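Me: Please take one part of this model and walk me through it closely. I'd like a single connected answer, with the cut-offs spelled out as you go.

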Amino acid sequence: MLMKRTRRTMRVLNDLFALPAEDTIKRPSAVLSDFQRRKLSYYFSLIDLNKDGRITLDDITQLTEKQLKFAQTTEDSELYDLTYDINYSFYESLVERLEHEEITCDDWLDVWAVLMRRCSSLGDFPYWVTQHCKVFFEIMDKDRDGLLVKSELEDYYRDFIGMEPSVASAQTEKGYNQMTAGGAYPLNLDNFCATFANFLIAKDVHGPGEYVFGTFDIGKKRDLFKIIYPKEAVSFDGANTVNNISRLTLRAAANAIIAGQRLGGARVQIAEDAPPARIPQPYRPKRTLRN
């Protein structure tokens, strides 16, 4: 009896975690949006320093040396050993997943597509990803005060990413404003990690994450921030007492428009179908007071 239950349990687990049939044919990266493919490919190019289309141990060594040189770190510092350890661990974890040592851009996209399936924040990613993010913060924070300021961000864009000085200056203004919500929040490690997570996870351009690496779509025409909400919210005049759609929902739609305008203008897209006249409510048994 116990053996039968075990087999039945295993069948259930296999059904739960089995990939859909099409995933066995397509690469995992097929689910990525065009925006995600562009930004992750750019991320790949920053590590593929010899530009041969593959990330190898040699690229990781060169990346580490470049980071340490930019951070002006000496061999006897804690950051020196930490950067080597984390970068090598990052590479070894990729190799372990892919089972080969030369990582192509397609391999790279596949790994991130699989990792992002159930991630909504940086803490949902494996430890080696979170530490890789923290290394970038540490090398950018040259004065080691735990905060990134505009001058440090501009140095990073110009001297590490390789932007022209005028471009780096312009991107610093945009990037710092986005990553700090207009200066409302300090760019400390926690906020940088949240921005890094946005870089990895976001499916479209509207977010601060693209500025982690100085942005990869400079000069590219962008759509305005687009909001989709029900027709009812457009024509609602306050006199409709039949429809029980929450007014908080309508207020949220209005607030979203204001937020969109602050991001550079909102383009409103109306839903094709209006919501039902009355939203079904769950059954709630009547409660009677005790005497």
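Reply: Glutamate 99 counts as exposed because its relative accessibility is 72% (exposed means over 50% relative accessible area, buried under 20%, partly exposed in between, with a 1.4 Å probe and protein chains only). Before going on: this is a predicted model, where local features need pLDDT of at least 70 and side-chain atom pairs count only at pLDDT 80 or more, while totals for chains, interfaces and linings use all residues. Numbering runs from 1 along each chain as its sequence is written, and side-chain values use heavy atoms, leaving out hydrogens and water.

Back to glutamate 99, which sits in the loop between helix 4 and strand 2 (103-104). Helices (H or I, at least four residues) and strands (E, at least two) are DSSP runs, numbered from the N terminus. Just after helix 4, this glutamate takes a positive phi of about 65°, although it is not a glycine.

Glutamine 72 lies in the loop between helix 3 (57-70) and helix 4 (78-98). Glutamine 72 has a positive phi too, about 55°, and isn't a glycine. With 66% relative accessibility, glutamine 72 counts as exposed.

Now the helix itself. Helix 4 has 21 residues, so at 1.5 Å a residue it should span 30 Å, and its end C-alpha atoms are 31 Å apart, which agrees (the expected span is 1.5 Å times one less than the number of residues).

Its buried residues include Leu79, Tyr80, Tyr84, Ile86, Phe90, Tyr91, Leu94, Val95 and Leu98, and Thr83, Asn87 and Ser93 are on that list as well. What covers them includes helix 2, strand 1 (54-55), helix 3, strand 2, helix 5 and helix 6.

Of its 57 residues, Tyr43, Trp108, Trp112, Tyr156 and Leu200 touch the most other members. Helix 4 is among the elements that give two or more residues to this core, including helix 2 (34-47), helix 5 (105-115) and helix 9 (189-201). Helix 6 gives the most, with eight residues. In soluble globular proteins, nonpolar side chains tend to be buried together.

Leucine 200 touches, among others, Tyr43, Trp112 and Val129, not counting residues up to four places away in sequence (contact means heavy atoms within 4.5 Å).

Notes. Core = buried A, V, L, I, M, F, W, Y, C linked by side-chain atoms within 4.5 Å.
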